[in-house]
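We will go stop by stop, with something to select at each one.

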Amino acid sequence: MKMLLAKNHGLIFHYFPKGCYISNICKKFSSSCNGSSVVDGKAVFTVDGVNKKFTGNNDGIRKGVDDVCCILESGPWGPTLENSLSAFGEKPLPELVIGVLKRLKDASAAVSYFRWAEKQTEQVHCPEAYNLLLMIMARSTNFDHLEHILEEMSLHGFGPSSNVSIELVANCVKSRKLREAFDITQTMRKFKFRPAFSAYTILIGALSEVHEPDPMLILFHQMQELGYEVSVHLFTTLIRVFSREGRVDAALSLLDEMKSHSLDADIVLYNVCIDCFGKAGKVDMSWKFFHEMKTHGLMPDDVTYTSMMGVLCKANRLDEAVELFEQLEQIRKVPCAYAYNTMIMGYGSAGKFDEAYGLLERQKAKGSIPSVIAYNCILTCLGKKRRVEESLRIFEEMKRDAAPNLPTYNILIDMLCREGKLDAALKLRDEMEGAGLFPNVLTVNIMIDRLCKAQKLDEACSIFEGLDSKVCTPNAITFSSLIDGLGKCGRVDDAYRQYEKMLDSGHVPGVIVYTSLIRSFFKCGRKEDGHKIYKEMVHAGCSPDLTLLNTYMDCVFKAGETEKGRALFRDIKGHGFIPDTRSYSILIHGLVKAGLANETYELFYAMKEQGCVLDTHAYNAVIDGFCKSGKVNKAYQLLEEMKVKGHPPTVVTYGSVIDGLAKIDRLDEAYMLFEEAKSNGIKLNVVVYSSLIDGFGKVGRIDEAYLIMEELMQKGLTPNVYTWNCLLDALVKTEEINEAFVCFQSMKDLKCSPNQITYSILINGLCRVRKFNKAFVFWQEMQKLGFKPNTITYTTMISGLAKAGNISDACGLFSRFKANGGIPDSASYNAMIEGLSSANKAMDAYSLFEETRLKGYNINTKTCVVLLDALHKAECLEQAAIVGAVLKETAKSQHASRSS
């Protein structure tokens, strides 16, 4: 088709190769065109009433639309499809484009055809075509090209119709795409378009349901800027959301703004203010609104009284609520059921069940039968107080007034499962089914969750496996409860199988499931599986929350992966979170356990700078870090700060500071703190007692160490192997070796098995008092028990055997120690040299002498003298000369050091 434009005459001539309908087209355009406008140098014709034009050609247009739509539906857009469209040999008329757009549903196909038609005609599309394209986008909620289309419309001098702007927003709201709906309104405003009034109100209403006050306020102010008249209802909607979010100042500001617009609050707004401000904790402000409405000539209705009573009950101001209810009774012959229910819940929450029962009777006396809600309120409160038998009695009584509903049974089943009464819960479930009420997923979730928490996992699994998918299908919460319960009891493989079932059933595991699995695998020592779960979560596109990252970091530190733990702490910020008090506590505790307590100071002040409020756990972690890094005075200050800040120190707190003081020999202060803890009612554990026993023992205050041990046993506590080792070490260091053996026997009598350290202490002690043969007996006993001696024990035993003249055993032990990768110390070498020399093995002793010199170890003067004597006896004069020279050099250096 060729086109000639006669702009001055307002005529448009179409020349068709096939010569169709020329005269009709010209006549119709002369009578129906609204005229042309010039946009960016192009002529634009607005055509209204397309269906009224071309009456003689309707069938042809309809057939053309059918043919084009058939082509467009034949496959994806591409050169083949474009060629098929071009094969018609005619340029698409506006009415054809409009007809096609009315039929299309796919936004991408519509945009492609729209652009193709524009290219073919070399004309700007009419407003109706643009609006139809926007309508397709709205109905398919595909807005990939929306901004570009709106920008074009702005350049061409026309915009979306009111209906189109409403459809764009409304379809997003229906699809729960509120962010997209908000962005659409802002894009329209960007190009100076005016979204319809209803588009704004629909979106504000939807945002109020999901509690998004800030975008609501932006839209509200835009409405005012555009000159739309805002009503009390709109103000009420905004005030409700802001006050429920606890943003009281913003809600009050809106109230003032409403008054400045000369709008009078109605009873609905007052009721909203009473309810929402009360729930935000502003009870006195609710009272103010209650009295203010009367001064404005509005009488409180049932909703007003019920809301105000509910606010007072939740604020534990029950007496005022009772007074208000009595006023309502005077005004109304029979208060509404909601008022009764509110007061019954108020009495129940306060534990005043006799008053609640009395109110039920008063309600009946006035001819108002209590509803199932009233009884459910009482049962809920009884459940919180764990009054199971009374709940079952009320349940039987309620059947005379109201039929129990599903929530009733769920409340009772929850209660019974919490108390471990599974049989009664199952019986109640059967009764529920007999009454025609079948357990819903909430019922199942309650039972499984409570059973898992009571560690009755087989019963929980049995209920889960017995679910009839036609009646009740498990949801994500069901799987989460079961996975968590199995994991916490160490059944991690079963938990993982449930996770796989969850995936197979189409449920998407949430962050709670992944947190539970990670914790469970690490707790069972399967850290690689724990890491694998984290990687699976990331691969599945599930973003971790701060709780998961903290849990994962804690597990990693406990598994000894210190650097990985540090990296996870840094990752917290990478995921857009700010490390909280728990994050820092885990990091400090992990570093302290890894022997990096010196970093506590820097991290503590980083916490302070960030504004973290320390809780008891955080204080304990920091105090322990300070004590382990030698900053005991700082730890003591924090202990006092804890008390001032209202965090009573725990046994962990006292234990850390007592241990810190004991290790730096400030034992009197440690003991005073020990007595303070007892006077504050803290139940001290074996760890605290052991710290004091160790401290007193190290400074030789054996009697006090014994007294602490005696008190420990009188308290019913059982000393552990560390406690006994502390006492044994103290005894052998004071050479109370016989007392040490008595202690060792007591340890075995109390069924406390000695460990490697116990034997090392005894061997070292026996060698100290030169009871080398006895030490060797313990050495052999130690070996039989499978304990591996440490370096100190080896070197002590080697020296002892050598000094005792048992040189063959000493040599064998010495060789075995070196073969196992041990590094003998200077004392061992000196003892071996002396032993070999005394056993007339002068050359063997000399070989060790040379080895000792090569290692740079110090050789004692006595050792040199003994070796020199042995070499002379063996007539090894050359070697004796070397040892003599070393002896002279040693004497000179000693003389020089004494002179200086």
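Start with a single residue. Select Thr-185: its relative accessibility is 0%, and buried means under 20%, so Thr-185 counts as buried. Keep in mind that this is a predicted model.

**Stop 1: around Thr-185**

Where does Thr-185 sit? Thr-185 lies in helix α9, residues 178-190. Now show what touches Thr-185. Set aside its neighbours within four places in sequence, and you find contacts with Val-169, Pro-195, Leu-203 and Leu-219.

Colour its buried residues: Leu-178, Ala-181, Phe-182, Ile-184, Thr-185, Thr-187 and Met-188. What covers them? The cover includes α7, α8 (162-174), α10 (197-209) and α11 (213-225). Then step past the end of the helix. Lys-192 follows α9, and its phi is positive, near 65 degrees.

**Stop 2: α6 and α7**

Select α7, residues 146-156, together with α6, residues 127-140. Their axes come within 11 Å and cross at roughly 160 degrees. That angle makes α6 roughly antiparallel to α7. The crossing is left-handed.

Show the side chains where the two helices meet. From α6, pick Tyr-130, Asn-131, Leu-133, Leu-134 and Met-137. From α7, pick Leu-146, Ile-149, Leu-150, Glu-152, Met-153 and His-156. Colour this contact by class, and you get 8 nonpolar, 2 polar and 1 charged residues.

**Stop 3: α28 and α30**

Jump along the chain. Select α28 (residues 511-523) and α30 (residues 546-558). Which angle do they pack at? The angle is about 10 degrees, and the axes are 10 Å apart. That makes α28 roughly parallel to α30.

Now pick out the contact. α28 brings Val-511, Tyr-514, Thr-515, Ile-518, Arg-519 and Phe-522. α30 brings Leu-548, Thr-551, Tyr-552, Cys-555 and Val-556. By class, the contact of α28 with α30 has 8 nonpolar, 2 polar and 1 charged residues.

**Stop 4: α36 and α37**

Next, select α36 (residues 651-663) and α37 (residues 667-679). Here the axes come within 8 Å and cross at roughly 160 degrees. The two helices are therefore roughly antiparallel to each other. α36 passes α37 in a left-handed crossing.

Show the residues in contact. On α36 they are Tyr-654, Val-657, Ile-658, Leu-661 and Ala-662. On α37 they are Leu-667, Glu-669, Ala-670, Leu-673, Phe-674, Glu-676 and Ala-677. How do they divide by class? There are 10 nonpolar, no polar and 2 charged residues.

**Stop 5: α44**

Finish with helix α44, residues 791-803. Its 13 residues reach 18 Å from first C-alpha to last, close to the 18 Å expected at 1.5 Å a residue. How many of its residues are buried? The count is 10 of 13, and α44 is mostly covered.

Select the buried ones: Thr-793, Tyr-794, Thr-795, Thr-796, Met-797, Ile-798, Ser-799, Gly-800, Leu-801 and Ala-802.

Notes
Residues are numbered from 1 along each chain as its sequence is written. This is a predicted model: local features need pLDDT of at least 70, side-chain atom pairs count only at pLDDT 80 or more; totals for chains, interfaces and linings use all residues. Side-chain values use heavy atoms; hydrogens and water are left out. Axes are lines fitted to C-alpha atoms, for helices over the stretch in contact, and angles run from 0 to 180 degrees between N-to-C directions. Helices (H or I, at least four residues) and strands (E, at least two) are DSSP runs, numbered from the N terminus. Angles under 35 degrees count as roughly parallel, over 145 as roughly antiparallel, 65 to 115 as roughly perpendicular and the rest as oblique. A crossing is left-handed if the near helix is turned anticlockwise from the far one by less than a right angle, and right-handed if clockwise. Contact means heavy atoms within 4.5 Å. Ala, Val, Leu, Ile, Met, Phe, Trp, Tyr, Cys and Pro count as nonpolar, Asp, Glu, Lys and Arg as charged, and the others, Gly among them, as polar. Buried means under 20% relative accessible area, exposed over 50%, partly exposed in between (1.4 Å probe, protein chains only). The expected span of a helix is 1.5 Å times one less than its number of residues.
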